[in-house]
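Could you walk me through this model in the viewer, one selection at a time? I'd like to know what to pick next and what I'll find there.

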Amino acid sequence: MDAVKEALREGRPVALFPDGEGVVLVAEVGRDVRVFHLGEGRRFPSLAAEFPAMDWWERALWERGYTPEGHPNPKPLRRHDLPFAFRAFKELHEVPVGPVHAGIIEPGHFRFSVLGERIVNLEIRLGYQHRGLLALLPGKGPEAALLLVERAGSEPLAHALAFAQAWEEALGRKAPPRAHALRRAALELERAFGHLGHLAGLFTDIGYAYGSTQVGRIRALLQGELDRLTGHRYGRNFLRVGGVWREGRPDLSALALYREELARLLPRLLKHPQVLDRMRYVGVVRRVEAEALGFVGPTARASGVARDLRQDDPAYLSFQPVVRQGGDVLARAQVYAEETLQALDYALHFLTHLPEGPLAQDLPPGDGEAMARVEAGRGEVFWFVRVAGGKVALAEGVDPSFKNWRALELAVRGEGLPDFPLCNKSFDLSYAGNDL
Amino acid sequence: MSLMQTLRIGRLARSLEDLLRVPDHAFGYPLLRPEGLTEEAQEALLGLCPSGAFFREGRTFGLDLARCVGCGRCALARPEAVGEMKRLEVAVTRKEDLVQRVDLERGTFLDPGPPPPPRPELALPTLAFREVSAGDTGLADSEVALAGNPFNDMGRFGFSVVASPRHADALLVTGPVSRNMAEALRRTYEAVPEPKGVVAVGNEAISGGVFAGSPEVVGGVDRVVPVDVYVPGDPPRPGAILFGLLLLAGRVRQRLVGGVLR
Ligand code: SF4
């Protein structure tokens, strides 16, 4: 137990999932991954009181029938057939929002406790998107499993990549070098596309139509190139276990042009007085909070946590994570802007340095287990897979959104209620990814 | 500077004809070729499709477009048995029209007869939509949002997305309808004033898609509220969504009958 606590004190949880009667905890310390097996007989010791980062993880297991012994307040996370009580504040007014929202957006419920216009507390209740995805995976072959995995969050390429890598590693194989480069190029285009979506949404939310139209325009053009590369507007049906299915021809000079245009446009937009006025010092997540709750991706990096899984990938030459210290909406927007340019640089690099060779190798049906992590646009995507006879015996995935939703709860504390949409957009998390 | 740049970029909106075409580099929708459906080809197709879109019932062989994820592997592996439809005019008012059935004895497509006409009370010059995501992964939602961007510009047809169901003429629903969203969807539908329509956007909204059979989903919008127009795709491209909205408004003729463009 001491080793577990030490790992959580110095690092953060990566995944917590059931395996038979016990529970597996994966934690990252520095850049190392440590794996612990906890509990037996569907009971395991709760760590949530000491490590708040464990709270949602343990609740997610609790509703799957595993008891975190000593959890201060177990209540459901995704299941709506179990009783749920919001945290109550007698003296405060409550504002319920959702599950159906005013925009074109996934469903979720937000319960604000407000004093006048000020948000004192926000409690997020999700689970509306719960489709039982993980339970559908066992027994599936690689292709049918990938169909589900590509629907585990709004970043299909990152999920498919982590899952395929886990599967390949479980069988002790590797995708051919050309497939490796194509996968990474597609992943970087997905990142740029997603980040520009966050930025366009932020500009929309502050009523800056010029910004959102310009960013939206380049984003739509960029999506065309992702479509050309993968054959799908979001990159589905592109990856396979063992490589990739196809290789399209994106227009490299167009990509370079969009990058140029964005390099001129984005810094200018983010210095606009209207943008500074609405985004600076709003929705602050402090570094201690980000570390204590184990946030990942741009959310963590905008609060000064210099961690990006691409640091560990030798394919990314001289990689430097984009880090900001502010922790506010503006800092997150700056991280999105800079990472977009960085992503396009790497995409162009991979596409112009494609190694020769086949697009895939056929994997024999085998046995094994492995886990893999990929830095998606929103942060760390995790997949664990145990393969038996070429079929999934056990698979567990975690979308970065699951790790970051509570950043929104923290960011809006003390802000005015009307700033909520802006704060929400600055994280732009996946509801489906959380609810799996 | 910014004004100059805007002027330089010029007009973005693409013509409807352009929007309704599947680009060359992408796979559209599969189309069975009755003459190539040998016993052996049928077996191969049943085995290779990752989403289980092909089926055989007695002496008919079929393909359900509402299950197909559009990977294109069938047409690649068995070009003699499966071709491709490169058009996005695939929205239909009845679900049978999404299924291709080939009579293996005669080697012809079965024709389910003319589709029902669109509802005249929704043939309005403008239509306001309320979008409800009910278990969608976020991509069909994204395509609905992009149908309003400057390239696709749904506004030119008099379509808009509004914030409240009480201001809407119709719902656009995405996702297989997770159990936890069924009640919210029902209540959102009730809040829309009469006359009202519903468009199910994407395979998951039509039949549950890859989530069909999960105990956590209802498995299709029409199991919760009545649906007027189905738009197949995974997710459907914005052009297909726009065609579905035009079909709801009675401004275009349904072209997909019995799974085949006619
Ligand atoms: S395109 Fe793919 S999913 Fe669709 S029918 Fe062919 S093989 Fe199946």
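Start by selecting residues 60-64 and 99-103 of chain B: these are strands β3 and β5, paired in the antiparallel sense over five bridges. Strands here are DSSP runs of E with at least two residues, helices are runs of H or I with at least four, and both are numbered from the N terminus; two strands pair if DSSP finds at least two bridges between them. Click B:Thr60 and you'll find its bridge partner in β5(B), B:Asp103.

This is a predicted model, where local features need pLDDT of at least 70, side-chain atom pairs count only at pLDDT 80 or more, and totals for chains, interfaces and linings use all residues. Residues are numbered from 1 along each chain as its sequence is written, chains are lettered from A and ligands numbered from 1 in the order in which they are written, and side-chain values use heavy atoms, with hydrogens and water left out.

Now widen the selection to the whole open sheet of chain B, four strands in the order β2-β3-β5-β6 with antiparallel pairing. β2 (54-57) and β6 (108-109) of chain B each have a single partner strand, so one side of each has no neighbour in the sheet.

Last stop, chain A: select α5 (156-170), α6 (177-205) and β11 (368-376), which each supply at least two residues of the lining of the second largest pocket. β11(A) gives the largest share, six residues.
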